[in-house]
Amino acid sequence: DLGASSGEFDFLKQGETVSTRCDELQSLINRGCDNAMIENPHGEQKTLKNKTVTHRRKGAEKLKPEDITQIQPQKLSLTLRSGEPQSFNLKFKRAEDYPIDMYYLMDLSYSMKDDLENVKNLGTSLMLEMSKITSDFRIGFGSFVEKTLLNPCTGDQNCTSPFSYKNVLKLTSDGKKFNTLVGQQHISGNLDSPEGGFDAIMQVAVCGDHIGWRNVTRLLVFSTDAGFHFAGDGKLGGIVLPNDGKCHLENNAYTMSHYYDYPSIAHLVQKLSDNNIQTIFAVTEEFQPVYQELKNLIPKSAVGTLSANSSNVINLIIDAYNSLSSEVILENSKLPEGVTIAYTSRCKNGVVSEGESGRRCSNISIGDEVLFSISVTSKGCPKQGKPEIIKIKPLGFTEEVEIILNFICECECNKDGIKNSPLCHFGNGTYECGACKCNEGRVGRQCECSSNDVATEDMDRTCRKDNGTDICSNNGECVCGTCECKKRDKPEERYSGLYCECDNFNCDRSGNKLCGGHGRCECRVCVCDPMWTESACDCSLDNSTCMASNKQICNGRGTCECGTCKCTDLKFQGPTCETCPTCPGVCTEHKECVQCRAFGTGEKKETCERDCSYFNLIKVKERDKLPQPNDATYPVMHCKERDANDCWFYYTYAVNNNTEKEVHVVDMLGEQKAGANRVWKVFCDRES
């Protein structure tokens, strides 16, 4: 709403509250507020950081990850006015030769024995394959089994006691080192089928320094042939404390598996998102359905089918990476109360999406640019009224847009308030924005009363109309001997008057519109716009709608009342009294069209559909079935005409009460006429 900063003493009507000075622009103008006295602040936006997205080809000069930009702009300031959206465009460009960190997290339970043999040479092979995508690739390795138990392996098996999680190799660009360290690993055992992989994923996500994550594309490959334990399963081993989501690695081993329960899926989703990690689940075919369901709960994750011995793991990783990197999904941080955000995506090939689909674009190739239109709206002001910060980022990426939200909660004129102003009853208030803001203990429009005196009988007496019993007509309160009228739920509806006896919403209506939509309601009486009259302003004084084709009002055969002709010559009908169904010549005028419509004969039979569709045709079997003048509530013309074969046919012509033209025609099988070789559907006689 807008504020009228003109003096309230000049603007407000008797009984109107100070709050009615806040209204829509046109309403304030209509009520007499000068444009120059209206406070109408608007929101604005400023771009604080706008580094251009990086245009770079593979093989060009190598850039540090922090020097590569994939999202633009990076920082904005939005000033929001309630209900007024602020929109901006966000550009995303998938950078060429972008660095990748990939951590391979492997289940080393006994059933993965043959898989370990194939993974031992993964480092150099994967390095070679990933070099086709990026020149800056690092790989790390970790393993997991289950929360610590006694060794379940039998004596003839070469396996170690189970462990929850070990960080075997920090992220490195040395593929041979990966092969060497993985080659030194041994499988372990477990007593139940689900594994403790969630403990391991949590530590990989939150122990960034131990893992060596950079601010680049972060991939976590999770390889297993079993299901997973999650929050609550720890109770089976007597562990009841919820997972705290913090790093607990000592000597590269998770040390609190016996103390904290497994994390929940929601907890994992949060930590993976917070740390911009994209997950690839490489699982055997047996557990595909389980991990597909898990994928649906974890944004920016993929599932690949691992062969029985992990021989296809490289192709699986490449395919999953291409799938993940070809889609961008925007997410925002928690919004302040009352703030909403809307996304519209403009993806490849001109595809435009809104709503939840407006957050994402798919099939993005390296070097492609896509655009998002983002609109931020505030409803009201936050409780504190202080600036807030929100962030928007693509899932799985470290880059983000920081948005500072400022809120317009007061008019500018508030800053120029005059404290203890003489306009407020000898300085009993601050005069700001054209109204008095009373000091504590003072009330009244001009702060002229003490709050201790407002409920006295003497003051109430002046608020009763004609010494009646109702205070302020039951439409307001008596404050300081003066009625202050109630506010309505609809801001455009107001009580007013010395005793709040008037309102602007209880006037006559027409067409379900107050004052017919052609006037304004003042003290329960319609004040009509020019050229409108009557109690509901529903009678037009404009006679142009009554003008006949001969430029006469109602064809000179009626009067124009409220823009509608009232025909005084009863033979004439129609909106301008120009139709005369019973006048001579009517039958001849419609003869040819009746012939072609009823019998398919006559001069107009070739053009019948084009020229003769202006009336409704009703066929009757006998002449006495034709409408009779005394039976109808409108004039009916009876016609008898000869056709080209000298046969008579009979019909009536009329304009009914709905102003529709209608013809009733006798459809009788006549005698065969001499010299003709066909039967005519007319009544043929020898009458002259």
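**Sheets and helix contacts in a predicted model**

Visitor: How many bridges join strand E16 to E19, and do they run parallel or antiparallel?
Guide: 2 bridges join strand E16 (residues 328-332) to E19, and the two strands run antiparallel. Strands here are DSSP runs of E with at least two residues, helices are runs of H or I with at least four, and both are numbered from the N terminus. Two strands pair if DSSP finds at least two bridges between them.

Visitor: What kind of model is it?
Guide: This is a predicted model, with residues numbered from 1 along each chain as its sequence is written. Local features need pLDDT of at least 70, side-chain atom pairs need 80 or more, totals for chains, interfaces and linings use all residues, and side-chain values use heavy atoms without hydrogens or water.

Visitor: Back to E19. Which residue is the bridge partner of valine 328?
Guide: Cysteine 361 in E19 is the partner of valine 328.

Visitor: And what does E16 do with E21?
Guide: E16 is joined to strand E21 (residues 388-394) by 3 bridges, running antiparallel. There, asparagine 332 has isoleucine 392 of E21 as its bridge partner.

Visitor: What's the order of the sheet?
Guide: The sheet is open and has 6 strands, in the order E4-E6-E22-E21-E16-E19. Its pairing is mixed.

Visitor: Why is one side of E4 and of E19 left without a neighbour?
Guide: Strand E4 (44-49) and strand E19 (360-361) stand at the edges with a single partner strand each, so one side of each has no neighbour in the sheet.

Visitor: How do E6 and E22 run, parallel or antiparallel?
Guide: Parallel. Strand E6 (residues 75-81) and strand E22 (residues 401-408) are joined by 7 bridges. Lysine 75 stands opposite glutamate 402 in E22.

Visitor: How many bridges join E41 to E42?
Guide: 5 bridges join strand E41 (residues 648-655) to strand E42 (residues 661-666), antiparallel. Alanine 654 stands opposite glutamate 662 in E42.

Visitor: Now helix pairs. At what angle do H6 and H8 pack?
Guide: Helix H6 (residues 197-206) and helix H8 (residues 265-274) pack at about 25°, with axes 9 Å apart. Phe198, Ile201, Met202, Ala205 and Val206 in H6 meet Ile265, His267, Leu268, Lys271 and Leu272 in H8.

Visitor: And H4 with H10?
Guide: The axes of helix H4 (residues 122-130) and helix H10 (residues 313-325) come within 10 Å and cross at roughly 40°. Leu122, Ser125, Leu126, Glu129 and Met130 of H4 make the contact (heavy atoms within 4.5 Å) with Val313, Ile314, Ile317 and Ile318 of H10.

Visitor: What is the mean pLDDT?
Guide: The mean is 84 for the protein, and 90% of its residues reach 70 or more. pLDDT is the predictor's confidence in each residue, from 0 to 100.

Visitor: Which element has the lowest mean, and which the highest?
Guide: Strand E1 (residues 2-4) has the lowest, 51, and strand E17 (residues 339-346) the highest, 95.

Visitor: Where does pLDDT stay under 50?
Guide: Over residues 670-688. The model has 44 contacts beyond four places in sequence for that stretch.

Note on methods: Axes fitted to C-alpha atoms, helices over the stretch in contact; angles between N-to-C directions.
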